[in-house]
Amino acid sequence: MSEWIGTANQQYASYAMEELRRLLPGASFTQLAPGEVFRMVCPMGKEEALGLIGANPPIFLRHLQPIDRELVVKGDASDLDGLADLIRNDRSIFGNRRTAVHIRRNSGSIFHYTPADSKSVLDAVLAEIGSEPAVQQPDVIISVYGADNVLYIGFGTPREMLSDWPGGAVRFQREEGQISRAKFKLLEAERAFGIRYEEFGHALDIGAAPGGWTSLLLERGLRVTAVDPADMHASLKGHPALLHLKQNASDIKLAAASFDLLVCDMSWSPMLMSRLVLDLNDALKRDAKAIITIKLMHKKPLQTIREVKERLETGFVVLGAKQLFHNREEITLFLKKK
Ligand SMILES: C[S@@+](CC[C@H](N)C(=O)[O-])C[C@H]1O[C@@H](n2cnc3c(N)ncnc32)[C@H](O)[C@@H]1O
């Protein structure tokens, strides 16, 4: 038996639970933050559950932490002492390792210390027991979730928790002059799917305006052919590595085997989008990759995704499917040309 806290994007927890129910038969759930965070009890042990989830990552599960310890809190100063003692007692897990502390709580939690205050106390404890407090690239994460009068505490690697950000909420710094927030989606896809954009040569960006995705690919040194009837942002005009085809995607004629990366972020109906991407397959080189966002327009996202995947699998292998933190009513697919 093992216990977990799962997190999905707001309003998508029921789909994450549905995916987990299929993957881990006998799992049961209680909501901790409606539509977003839930507690799961599953009949398998921790390692077996992690193996099943790792082999078949649920699309809507953004973050997962085990519940290794539970601490009942009172809502006073003794709570932080209790948490610090608990970490001290588990020193064998953290000694000589880079350890990150992630603290979250729901609106009903009586644990009243801010994540920043709690983290600085626990960082001091980690230093005291021979661990190195770390923010980036930790070996192990201490993940704490406060709900009502309990702190649920779990230990795991970023891989096991599906993210190295608290609750999988990936925050990127907004840059000066950034063209669109959409850029964050492509940045997050890079991390989520382990892609290195600089390894590609020539990208086709369909539905590219105003140009957040295009600008990221240009920054990484790619040539980009951007297709959109709308204008690209003024800062991209005249870029030597950019060709803007100011056209509707269904009207363009492209030479065969020209691109090794296709990106598409068009907010279209999923089925039209699949058709369009399949029609562009000839313009892609062998083994080319594609990153596309799929709008979830219907009430049954899991069914929509199944249908889209079946359709796309006639021309592509689906390497990854995930609702990213920066996806709103959509998911992101990572594909390889067959
Ligand atoms: C969500 S925006 C894309 C944002 C972009 N990824 C970025 O980072 O700035 C969707 C774009 O798709 C374009 N679009 C919609 N239908 C299209 C079509 N048939 N052909 C080409 N572009 C289309 C729209 O003009 C719009 O600029």
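How far apart do the end C-alpha atoms of residues 180-268 lie, and how much of the span is helix and how much strand? The end C-alpha atoms of this span lie 18 Å apart, and the span is 21% helix and 22% strand, where helices (H or I, at least four residues) and strands (E, at least two) are DSSP runs numbered from the N terminus.

## Basis of the description

This is a predicted model, in which local features need pLDDT of at least 70 and side-chain atom pairs count only at pLDDT 80 or more, while totals for chains, interfaces and linings use all residues. Residues are numbered from 1 along each chain as its sequence is written, and side-chain values use heavy atoms, with hydrogens and water left out.

## Overall form

The protein has nine helices and 16 strands. Its radius of gyration, taken over C-alpha atoms, is 22 Å, close to the 20 Å that the globule rule (2.2 Å times the number of residues to the power 0.38) gives for 338 residues, so the protein is as compact as a globular protein of that length. Along the principal axes, the C-alpha trace spans about 70 × 45 × 30 Å.

Of the 338 residues, 54% are buried, a class that means under 20% relative accessible area, with exposed meaning over 50% and partly exposed in between (1.4 Å probe, protein chains only). Among the contacts with a separation of 6 or more, 67% are made by residues 24 or more positions apart, contact meaning heavy atoms within 4.5 Å.

## Surface and charge

The protein exposes about 15400 Å², and carbon and sulfur atoms supply 50% of that area, as computed by the Shrake-Rupley method with a 1.4 Å probe. There are 42 positive and 42 negative side chains, and the centres of the two sets lie 5 Å apart; Lys and Arg count as positive and Asp and Glu as negative, whereas His and the chain ends are not counted. The place of each charge is taken as NZ of Lys, CZ of Arg, CG of Asp or CD of Glu.

## The annotated span

An unreviewed UniProt entry places the feature "domain: Ribosomal RNA methyltransferase FtsJ" at residues 180-268; such annotations may be inferred rather than shown by experiment.

A cis peptide bond, with omega about 0°, joins A209 and P210, and P210 lies in the loop between β10 (202-206) and α7 (212-219). P240 is found in the loop between β11 (223-227) and β12 (242-245) and counts as exposed, at 81% relative accessibility. The C-alpha atoms of P240 and E128 are 112 residues apart along the chain and are separated by 54 Å.

## Buried positions and their contacts

H63 lies in strand β4 (residues 63-66) and counts as buried at 1% relative accessibility. Beyond its neighbours within four places in sequence, H63 is in contact with several residues, including I5, T7, R104, S143, L162 and W165. D79, placed in helix α3 (residues 78-89), counts as buried at 4% relative accessibility and touches L71, V73, K74 and F111, residues up to four places away in sequence not being counted. The C-alpha atoms of D79 and Y113 are 34 residues apart along the chain and are separated by 8.8 Å.

P270 is found in helix α8 (residues 270-279) and is buried, with a relative accessible area of 3%. Not counting residues up to four places away in sequence, P270 touches I294, K295, M297, T304 and V308, while its C-alpha atom is separated by 21 Å from that of A288, 18 residues away along the chain.

K285 is found in strand β14 (residues 284-295) and counts as partly exposed at 37% relative accessibility. Leaving aside neighbours within four places in sequence, K285 is in contact with A257, S258, F259, D260 and K337. K285 and A209 are 76 residues apart in sequence and 24 Å apart in space, C-alpha to C-alpha.
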